[in-house]
Amino acid sequence: MAAFFLTDRLLSPRTVFLLLIAGATISGPARSEAAPDAEESYATGDATATATAAATPSPTPPPQSDENNQNDRFGWPTADENAFVARGQATYIWTRKFSFHADYTGPQSLITTPESSYTLSFTGYLGARAPWEGGELYVDPEAFQAHPLSNLYGLAGIQNGELQKASGEEIRAYLARAFVRQTFDLGGESREVPAGFNQLATHYASRRLVFTLGKSPLTDFFGRNSYASDPRTQFLNWSLITYGAYDYAADARGYTIGGFGELDWDNWSFRAGRAMEPTVANGHSLYYNLFKRHGDQIEIQHDHEMHGLRGSVSVLVYRNVANAGNYAQAVALAEQTGTTPDITAHRYLEAKDGYGMSVEQSISASVAIWGRGMWCDCKVEQYAFTEIDNSLSAGLSLKGAPWKRNDDTVGMAFSLNGLSPEHRAYLAAGGLGGFLGDGRLNYAKEQDYELYYSALVYRGVHLTADYQRIVNPGYNLDRHGPVNMLSARVHVEL
């Protein structure tokens, strides 16, 4: 696998496919049998954390008798819990966009001619139990290269969730995550968790308090969904991997630094956290003063079972405070001066609030449905995610048991994305946003549809075929399209 890092040029899909398969063939058998694939059972919910995150923080185990769990003199466990975990993943996604009709094309429009795009990522997941009770340490090095469609312009629901705002065709390595997790058991049932990505094999109490401090994506903790959160294994579109209108704090790669707390009480979870905003909208660097600028979020989740079929309901509220431009002010100033509005010209300390709800429910051992909706008081510029101010999405995931392919998954979903009135007026006057700018705007909601089939072809190797259809790209009825795209994904877990 290390040989993959030697190239900084565009790799053909066939070359990448052969390299990934070869790497998995060599190291595939080392994959832990105790860690089932994500979404393995819709009925019982026995799923490990996906490649993007450990959705439920790993708590410290309940006390064990000396006969079952002896620690060495440094406090490291020596029995059924591991002191270290080392895992990895590699994902290659290739996309072909076909030509479509548009009445005109602006400076930040999706190009109407055919295009191809790709992303290639490698991530290591390294974890160790801390020498004090209840502590865990994790570090995730990552390398990434990409070629986006139309320089990443022209879509609100961008077609590939692996794409970053800071990427290029030269592969670059960086530190994706580095955090410490501390768990305090509060009692309840003892539950077993196998080793996985950012997850030590352990036992945890159903009632516990977990604190996490360090660098990671906010979507590791908030706005998650069992069937639509990970573009490396599930849906690809940005508007389907979390709430489309969740302008969560992040740098240009999607990571942030902050502190997060979670109280789990049997079937209830209460989460809260504060994280760093970028210094400028969609910027590379973070603003380190968390008292002046920050992204706050609170989420409440309840897990339930109906006739043995699992489900959950969650509510998320977020509030961002950042140095942001105001759409209405930018338009008013442009009208006074006879110029084109520029959201970057005048930025002040502004706040933005968002409110969302997510529901997921298994309806059989193989079928699950889910839905999300979020509204944002988006009078100020998009800052860290994408240009969606209100969103509604829903989908269905089907495991392959009915056709004797238990580890395969079929997913189908749609999202309906919209803009605030102030945001629409800004784009209609010719303003440019982080991703959009057709020069004018005949507003209509952007509609994103996605269908995928993911097949397990070898231990740890998943191949996916994906189709997306986007209507009114960039919210513009004059550029109705529709835009059709086909994608192929190779995902290898080690």
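This is a predicted model: local features need pLDDT of at least 70, side-chain atom pairs count only at pLDDT 80 or more; totals for chains, interfaces and linings use all residues.
## The chain as a whole

The chain holds 494 residues, and 56% of them are buried. Its secondary structure consists of four helices and 16 strands.

Contacts between residues at least 6 apart in sequence show how the chain folds back on itself: 71% of them join residues at least 24 apart. The accessible surface amounts to about 19600 Å², and carbon and sulfur atoms account for 59% of that area.

## Helix α4

Helix α4 spans residues 421-428, and its buried residues are His423, Tyr426 and Leu427. When the helix is viewed down its axis, these buried residues fall within an arc of 95 degrees, so they line one face of α4. An α-helix has 3.6 residues a turn, so residues three or four places apart point the same way.

The buried residues of α4 pack against helix α3, which covers residues 327-337. Just after α4 comes glycine 430, which adopts a positive phi of about 100 degrees.

## The disulfide

The model contains one disulfide. It links cysteine 376 to cysteine 378, with an S to S distance of 2.0 Å. The torsion about this S-S bond is about 105 degrees, and the disulfide is therefore right-handed.

Are the two cysteines buried or exposed? A residue counts as buried when its relative accessible area is under 20%. Cysteine 376 has a relative accessibility of 3% and is therefore buried. Cysteine 378, with a relative accessible area of 3%, is buried as well.

How values were computed:
Residues are numbered from 1 along each chain as its sequence is written. Side-chain values use heavy atoms; hydrogens and water are left out. Buried means under 20% relative accessible area, exposed over 50%, partly exposed in between (1.4 Å probe, protein chains only). Helices (H or I, at least four residues) and strands (E, at least two) are DSSP runs, numbered from the N terminus. The arc is that of the directions from the helix axis to the C-beta atoms. Contact means heavy atoms within 4.5 Å. Accessible areas come from the Shrake-Rupley method with a 1.4 Å probe; for residues, only the protein chains shown count as cover. A disulfide is a pair of cysteine sulfur atoms within 2.5 Å.
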